[in-house]
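Subject: Structure handover: charged side chains

Hi,

Here is the structure for you to open. My notes on its charged side chains follow below.

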Amino acid sequence: MSEIVSEAWRKYLIQLQSHPLRTKAITSGVLAGCSDAIAQKISGIKKLQLRRLLLIMLYGFAYAGPFGHFLHKLMDIIFKGKKDNKTIAKKVLVEQLTSSPWNNMVFMTYYGLVIEGRPWNLVRSKVRKDYPSIQLTAWKFWPIVGWVNYQYMPLQFRVLFHSFVASCWAIFLNLKARSAVIKQA
């Protein structure tokens with residue numbers, strides 16, 4: 001079994017080196033799909049909603065993976081690859097004040113409009129109602145993730161690490177979004 005895992009990891013690293021953006025996009029899509037399957041199961045959905053799962057995977061593939069790829073490259077350019085504690089704190093602060101609020105807003109909007117197919121006015125109302133609590137929760141959780149990511153992860157693994165943790169975060173967001181739908185029904 002360990003030989004299979006070692007070989008898969010070796011091939012993944014080759015793809016990451018040869019095609020970093022594509023590999024990160026696919027990885028983010030797969031992890032987003034896994035998190036949605038888990039969220040569906042936890043929320044009591046009996047039959048897997050394949051359309052929803054594929055739309056979540058599309059979000060990870062088309063948005064989350066590429067966004068993370070370019071964000072981390074930009075952060076290394078802005079901060080010139082420094083890894084001292086002061087620089088890491090600045091990176092985390094910049095990330096938490098810019099991409100964190102943006103990504104939560106984008107996800108909530110995408111979920112409402114695309115996945116649930118709700119009209120804009122209902123999505124906007126839900127975002128206004130739930131966004132502050134989601135963002136405050138994010139600010140309690142993501143700075144720690146950001147610190148670990150910038151402190152310990154090499155640049156090429158930051159999106160993988162972030163996507164893995166984001167898959168857990170997405171379960172939280174999915175369940176929060178789903179619970180609001182159930183309450184409205």
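How many salt bridges does the count come to? It comes to 8 salt bridges. The rule: a side-chain nitrogen of Lys or Arg lies within 4 Å of a carboxyl oxygen of Asp or Glu. Side chains of opposite charge can pair when their charged atoms come close.

Two notes on the basis. This is a predicted model, so local features need pLDDT of at least 70 and side-chain atom pairs count only at pLDDT 80 or more, while totals for chains, interfaces and linings use all residues. Residues are numbered from 1 along each chain as its sequence is written, and side-chain values use heavy atoms, with hydrogens and water left out.

**The buried pair**

D36 and R52 form a salt bridge, with their closest N and O atoms 2.8 Å apart. D36 sits in helix α2 (residues 20-42) and R52 in helix α3, so the pair ties together parts that are 16 residues apart in sequence. Helices here are DSSP runs (H or I, at least four residues), numbered from the N terminus.

Are these two buried or exposed? D36 is buried, with a relative accessible area of 0%. R52 also counts as buried, at 5% relative accessibility. Buried means under 20% relative accessible area, exposed over 50%, and partly exposed in between (1.4 Å probe, protein chains only). The areas come from the Shrake-Rupley method.

**Partly exposed pairs**

K11 and E7 meet in a salt bridge at 3.9 Å, N to O. They are 4 residues apart in helix α1 (residues 2-18), which means about one helical turn separates them. K11 is partly exposed at 49%, and E7 is partly exposed at 32%. Both belong to a salt-bridge network that links E7, R10 and K11.

E116 pairs with R118 in another salt bridge; their closest N and O atoms are 3.3 Å apart. E116 counts as partly exposed, at 24% relative accessibility. R118 is partly exposed too, at 24%.

**The positive patch**

Which residues gather in a patch of positive charge on the surface? They are K80, K82, K86 and K90. Patch residues have over 30% relative accessible area and no salt bridge, and like charges are joined within 9 Å. Lys and Arg count as positive, and the charge of Lys is placed at NZ. K82 lies in the loop between α3 (50-78) and α4 (85-97). K82 is partly exposed, with a relative accessible area of 45%.

Best wishes

Methods. Patches are made of residues with over 30% relative accessible area and no salt bridge: like charges are joined within 9 Å, nonpolar side chains (Val, Leu, Ile, Met, Phe, Trp, Tyr) within 5 Å. Accessible areas come from the Shrake-Rupley method with a 1.4 Å probe; for residues, only the protein chains shown count as cover. Helices (H or I, at least four residues) and strands (E, at least two) are DSSP runs, numbered from the N terminus.
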